[in-house]
Amino acid sequence: MKIKAAVVKEKSSPFVIEEVELDDPRGNEVLVRMAGCGLCHTDLSAQHGYLPVKFPGVFGHEGSGVVEKVGSLVTKVQPGDHVAMSYISCGGCEPCTKGHPTHCDGFFPFNFFGTRPDGSTYMKQGDQTIYGSFFGQSSFATYAIASERNVVKVPKDVPVEMLGPLGCALQTGVGAVFYSLDVKPGSSIAIFGGTGSVGVSAIMGALVCGATKIIVLSRSDEKMKATKQFGATHFVNSGKCDPVAEIQKITGGGADYSLECTAIPSIFRQAVDCLRMGGKCGLIGAPPMGTEVSFDMQSILNGRTITGIVEGDAVSDILLPVLIDLYKHGRMPFDKMITYYPFEKINEAVADVEKGNTLKAVLRF
């Protein structure tokens, strides 16, 4: 079938909406008519070639919409169902079978290499292959092919076009707090880069967990103040003070938990140094491949721990319905993060995201 897709022709070139030919879904696949798709910094990293992607390619990995067609082996959803899409995993490796699909042995090839797991493709323009399968969806398009594994059926009483960010930004930030860090009631957490969509998601997750000191760090006082509505309790402008000393002052010795969402090595060091003994730091920020950071080894010996976090260590089929229920009860107001853009204005949305003018851009079809 012929669809419209935002194609990136080569590294760092703009998104160009063009007609492409999309194959029918295979037995275990689902064809989704897109309603909305969040724009994530990971999409921009792919656009600029910071990830092992192929060009010309179609990206987008926070898609949501309506099931149009299902393959003969699909039992999870049926045509007409509303779905949100997330990352894809193999389901058969040791991490997947132990309930940790974000640690899938095939995570990189499944999500970034531009093909199905078997190396096949499903989009083209004439004789030219268009690489897709980005996070198992490539949802910067009017229709997307996903696997049964990475679609999540969602209720129809919530606008489907706003649910795409649940599959990455919300899942990553909230899952980091719920699962990776296991934040306890009455605890303190410092969120470096807490004014972005993942950081704000972590703020909301920390509030749900009962954290009583939720510290946001940024160089923008205006953006930090905007996070108060999501549950932030303290604000540290890291450009005006020693953030580690300030966090220790607020918490009386150091934070119980910290999250690093900026992908800047010097800030990652601060996120570890600000912890109390026995504290835990989660790394979410994704830098270019090969980026290195150094730590004081003695500070790790005293019980501080560091954990890398992908997609919030979450099983999407479990967490996304929880997030929707929390939203319905007024405890996860992620709709306040969203600014909508017509699909045709994708490059305008990209510019606003890169300038920090919007918290979570969602393309609406």
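## Strand pairing and local geometry

Strand β3 (residues 29–38) pairs with strand β5 (residues 63–70) in the antiparallel sense over 7 bridges. In this report, helices (H or I, at least four residues) and strands (E, at least two) are DSSP runs, numbered from the N terminus, and two strands pair if DSSP finds at least two bridges between them. The model is predicted: local features need pLDDT of at least 70, side-chain atom pairs count only at pLDDT 80 or more, and totals for chains, interfaces and linings use all residues. Residues are numbered from 1 along each chain as its sequence is written, and side-chain values use heavy atoms, with hydrogens and water left out.

**The antiparallel sheet.** An open sheet is formed by 5 strands in the order β4-β1-β2-β7-β8, with antiparallel pairing. Its edge strands, β4 and β8 (128–130), each pair on one side only. Strand β7 (residues 123–125) runs antiparallel to β8 and is joined to it by 3 bridges; Met123 has Ile130 in β8 as its bridge partner.

**The parallel sheet.** A further open sheet holds 6 strands in the order β13-β12-β11-β14-β15-β16, and the pairing is parallel. At its edges lie β13 (234–237) and β16 (305–308), each of which pairs on one side only. Neighbouring strands in this sheet are turned against each other by 20° on average, direction ignored; axes are lines fitted to C-alpha atoms, for helices over the stretch in contact, and angles run from 0 to 180 degrees between N-to-C directions. Strands of a sheet pair through backbone hydrogen bonds, either parallel or antiparallel. Strand β12 (residues 213–218) is paired with β13 in the parallel sense over 4 bridges. Helix α7 (residues 243–251) lies across β11 (188–192), β12, β13, β14 (255–260) and β15 (275–283), and runs at about 165° to β12.

**Val216 in strand β12.** Val216 belongs to strand β12, and its bridge partner in β13 is Phe235. Val216 has a relative accessible area of 0% and is therefore buried (buried means under 20% relative accessible area, exposed over 50%, partly exposed in between, with a 1.4 Å probe and protein chains only). Apart from neighbours within four places in sequence, the residues in contact with Val216 (heavy atoms within 4.5 Å) include Ile191, Ile203, Met224, Ala232, Phe235 and Val236. Gly194, Thr195, Thr227 and His234 are also among its contacts. The C-alpha atom of Val216 is separated by 46 Å from that of Leu73, 143 residues apart along the chain.

**Cavity and pocket.** On a 1 Å grid over the protein atoms alone, a cavity is a set of points where a 1.4 Å probe fits but cannot get out, and a pocket is an open set with protein on both sides within 12 Å along at least five of seven lines; lining residues have an atom within 4 Å of a point. Grid points are joined across faces, edges and corners, and a volume is the space filled by probe spheres set on the points. The count comes to 1 cavity of 30 Å³ or more. Residues lining the largest cavity include Val53, Lys54, Phe59, Phe112 and Tyr131. For the second largest pocket, the lining residues nearest its centre are Asn28, Glu29, Ile88, Pro117 and Ser147. Strand β9 (residues 143–147) gives the most to this pocket's lining, with 3 residues.

The table sets out both spaces. Ala, Val, Leu, Ile, Met, Phe, Trp, Tyr, Cys and Pro count as nonpolar, Asp, Glu, Lys and Arg as charged, and the others, Gly among them, as polar.

| Space | Volume | Lining residues by class |
|---|---|---|
| Largest cavity | about 40 Å³ | 6 nonpolar, 2 polar, 1 charged |
| Second largest pocket | about 240 Å³ | 7 nonpolar, 6 polar, 5 charged |

**Backbone exceptions.** Most residues other than glycine have a negative phi, and most peptide bonds are trans. Phe55 and Pro56 are joined by a cis peptide bond, with omega about -5°; Pro56 is in the loop between α1 (41–47) and β4 (57–58). Asp182, which is not a glycine, has a positive phi near 55°. Asp182 lies in the loop between α4 (169–180) and β11, and counts as partly exposed because its relative accessibility is 37%. Ala263 likewise has a positive phi, of about 70°. Ala263 is placed in the loop between β14 and α8 (265–273) and, at 23% relative accessibility, is partly exposed.
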